[in-house]
Amino acid sequence: MSAFTALSASPFSSLFSSLGSLLLWAGEKLAPLFGASGTAVAVVLLTLLVRLALHPLARSAARGDRARAELAPRVAELRRKHSRDPERMMRAVRELHAEAGVSQFAGIGPVLAQAPVLFAMFHLFSTGSGGAELLDRTLLGTRLGGRWADALGHGGPFGAQGLVYAGLFVLVAAVATWTYRTARAAAKAGAAGGDAAGDPALPGMAGFAKVAPLLSFGMLVTVALVPLAAGLYLVTSSTWTAAERALLRGLRTPQPKAPAAGRGRRHGSAT
């Protein structure tokens, strides 16, 4: 039994049904403004509302990243000091984090907490668990339950349906490019701050950090393969994530500390 099938057969099925009914109702209310695309707009709005509700977790993750970044120079010093004794180095790093009141998983826990909600949302939009009617609705004439291959069969990549997917692909590519450049810049900043090797308390994270920015481009393939409703969810969610990261950049990047007041005065008074 697949994970999606298990979810459909679980008590969550009533939740999916309720969400599907809510989306259909919202689509009818939005129809005077967006016509037959009202349900597709409702999918986007529901995704934005869920991400807004999860925003406090993202802020918590950003604060955790900032706290670890501020400790990076001291972690680098411990690496140099205990370079011949990895076990002692990891123990020293854990003690440093404990002393500073920083969890080694401060930036990971909130992300994991979001996963079940986001997975349920994707399941709803990719399987139509909320009711078959949901995926029978359209966006600019393109069925929400259809895929890119179906759109290509109705006019090719530049037909009316193909252009709907073209718009999604352009948006995904733009978000992925921004994410990739931002991640590379953050990696260079971390290297300059003495954190190039990654956190020794989290084995494998350094290698993952190098590959992770490229994963954003994989969404181009995903959007092409999943139903349009799921593609709308993914594109909306990823765009929100990019905007959220830009907003929270100040929380993620420690600011340089100002020189201690009085140092210049002491020098001046000595003259």
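Author: Patches are made of residues with over 30% relative accessible area and no salt bridge; like charges are joined within 9 Å, and nonpolar side chains (Val, Leu, Ile, Met, Phe, Trp, Tyr) within 5 Å. This is a predicted model: local features need pLDDT of at least 70, side-chain atom pairs count only at pLDDT 80 or more, and totals for chains, interfaces and linings use all residues. Residues are numbered from 1 along each chain as its sequence is written, and side-chain values use heavy atoms, with hydrogens and water left out.

Reader: Which residues gather in a patch of positive charge?

Author: Lys 81, Arg 88, Arg 91 and Arg 94, on the surface. Lys and Arg count as positive, Asp and Glu as negative; His and the chain ends are not counted. Each charge is placed at NZ of Lys, CZ of Arg, CG of Asp or CD of Glu.

Reader: Where does the largest share of the patch come from?

Author: Helix α5, residues 86-100, gives three residues. Helices (H or I, at least four residues) and strands (E, at least two) are DSSP runs, numbered from the N terminus. Arg 91 lies in α5.

Reader: Salt bridges next. How many does a search of the whole structure find?

Author: Four. The criterion is a side-chain nitrogen of Lys or Arg within 4 Å of a carboxyl oxygen of Asp or Glu. One of them joins Glu 244 and Arg 51, at 3.4 Å, N to O. That pair links distant parts of the chain: Glu 244 is in helix α12 and Arg 51 in helix α3 (residues 38-53), 193 residues apart.

Reader: Are those two buried or exposed?

Author: Glu 244 is buried at 8% relative accessibility. Arg 51 is buried too, at 5%.

Reader: What about Glu 133?

Author: Its side chain meets Arg 137 in a salt bridge at 3.6 Å, N to O. Glu 133 is partly exposed at 48%, and Arg 137 is partly exposed at 24%. Asp 136 and Arg 143 make another bridge, at 3.1 Å. Asp 136 is partly exposed at 44%, and Arg 143 at 38%.

Reader: Now the rings. How many aromatic pairs turn up in a search of the whole structure?

Author: Four. Rings of Phe, Tyr and Trp (its six-membered ring) pair if their centres lie within 6.5 Å; planes under 30 degrees apart count as stacked, over 60 as edge-to-face and the rest as tilted. Phe 125 and Tyr 233 are a tilted pair, 5.9 Å centre to centre with 45° between the planes. Phe 125 lies in helix α6 (residues 109-127) and Tyr 233 in α12, so the pair ties together parts 108 residues apart in sequence. Both Phe 125 and Tyr 233 are buried.

Reader: And Tyr 165 with Phe 169: what are the centre distance and plane angle?

Author: The centres are 6.2 Å apart and the planes at 45°, so the pair is tilted. The two residues sit four apart in helix α9 (residues 160-192), about one helical turn. Tyr 165 is buried at 0%, and Phe 169 at 18%. With Trp 148 they form one aromatic cluster.

Reader: Last topic, backbone. What is phi of Leu 140?

Author: Near 50°, a positive value in a residue other than glycine. Most residues other than glycine have a negative phi. Leu 140 is in the loop between β1 (138-139) and β2 (142-143). Leu 140 counts as exposed, at 62%.

Methods: Areas by Shrake-Rupley, 256 points an atom, 1.4 Å probe, with all protein chains shown as cover. Buried < 20%, exposed > 50% of the residue type's maximum accessible area, 1.4 Å probe, protein only.
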